[in-house]
Amino acid sequence: MDAYDKGSDARQGLGRDGREGPPGPDGAAEQTGGSDGTEEASAPGGTGGTGGTGGTVEVPEAREMPEAPSGPRTGFAALSPRYQVGAVAALVAVAVAVCAHIGLVFLHVAPSNTLTKEHGSAVDEWVFPEFEQNWKLFAPNPLQQNVAVQVRAEVGTADGGIRTTGWYDLSAEDGRAIDGNPLPSHTVQNELRRAWDFFVSSHDSEDRPVGLRGSLSETYLRRIALLRLDRNGAAGPGGVVERVQYRSRTTNVEPPPWSGEKVSDRPTYRELPWWSVTPERNDGNRDDGNRKVGARKDAGEGGAA
């Protein structure tokens, strides 16, 4: 029989605070000796002995998480307000220009309507020649002909005579430059073809120019002729090209056997009148002529001295 003080709180299984401690191995509360000789029961989670917390569990205080530092501003937000306004104004201007361009090109390719009838000249001034559009690729009856552009020249010889060269097939020259070339230039592919289409669309059936565009197309063709004839050495030693003449040779593309369509295989020709190239040649050599005159003047003054 265990002896204990009835007036004391040190009962079996009770700690100093009167709570029942955990049972020991023999069914009694585990007791630990205090520093003053008294026996104290260790509470769960407690720190037995003098100065203990009496079974209370200390809970660490919750700490506030620091805010993540914000990085430096980049892009549009990094600009000052003045530059932001300028950037927005530039974007608006570009958007307006793009919309206006798309609208003008749409009016150019659209069927005739009230806007094109009233503002057709303004639309043409914007579209031609850089932004010209057509529907030939998607036409119900696409072009089924081969058109070759040829040119010849009247050459003033060194002895004062005049001779006429043979026909130079400029389209065949472009074809030879394209064949076997994986990256042919835009000039070789389109310069002559577009120049001839430009001439045909701006002249009537009598080869008379219609408006200023017709005269411009003639000047363009004359300059192309001078460049090509000079490349081929048509003038010869001491010769000068005085006039040029263009013609087109059109042949029908043979239809497939299953179509049953019959077309003529005989070529047709369209000859243009002779054009003088003196103005174009003088424009190209005006500076050279001035230099030659100045050189002769300097040489004369040097000889007199």
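A word on the source. This is a predicted model, so local features need pLDDT of at least 70 and side-chain atom pairs count only at pLDDT 80 or more, while totals for chains, interfaces and linings use all residues. Residues are numbered from 1 along each chain as its sequence is written, and side-chain values use heavy atoms, with hydrogens and water left out.

The protein chain has 6 helices and 8 strands; these are DSSP runs numbered from the N terminus, helices being H or I of at least four residues and strands E of at least two. From the N terminus, the order is β-β-α-α-β-β-β-α-α-α-β-β-β-α. Of its 305 residues, 22% count as buried, meaning under 20% relative accessible area, with exposed over 50% and partly exposed in between (1.4 Å probe, protein chains only).

Now helix 4, residues 186-201. Its 16 residues should span 22 Å at 1.5 Å a residue, and the end C-alpha atoms are 21 Å apart, which agrees. The expected span is 1.5 Å times one less than the number of residues. Which residues of helix 4 are buried? They are Asn190, Leu192, Ala195, Trp196, Phe198 and Phe199. Their cover includes helix 3 (170-178), helix 5 (211-231) and strand 6 (240-252).

That brings us to the rings. Rings of Phe, Tyr and Trp (its six-membered ring) pair if their centres lie within 6.5 Å; planes under 30 degrees apart count as stacked, over 60 as edge-to-face and the rest as tilted. By this rule there are 4 aromatic pairs. In one of them, the centres of Trp196 and Tyr246 are 6.4 Å apart and the planes are at 40 degrees, so the pair is tilted. Trp196 is in helix 4 and Tyr246 in strand 6, so the pair ties together parts 50 residues apart in sequence. Trp196 is buried, at 6% relative accessible area, and Tyr246 is buried too, at 1%. Ring pairs link Trp196, Phe199, Tyr246 and Trp275 into a cluster.

That is the end of the tour.

Conventions
Contact means heavy atoms within 4.5 Å.
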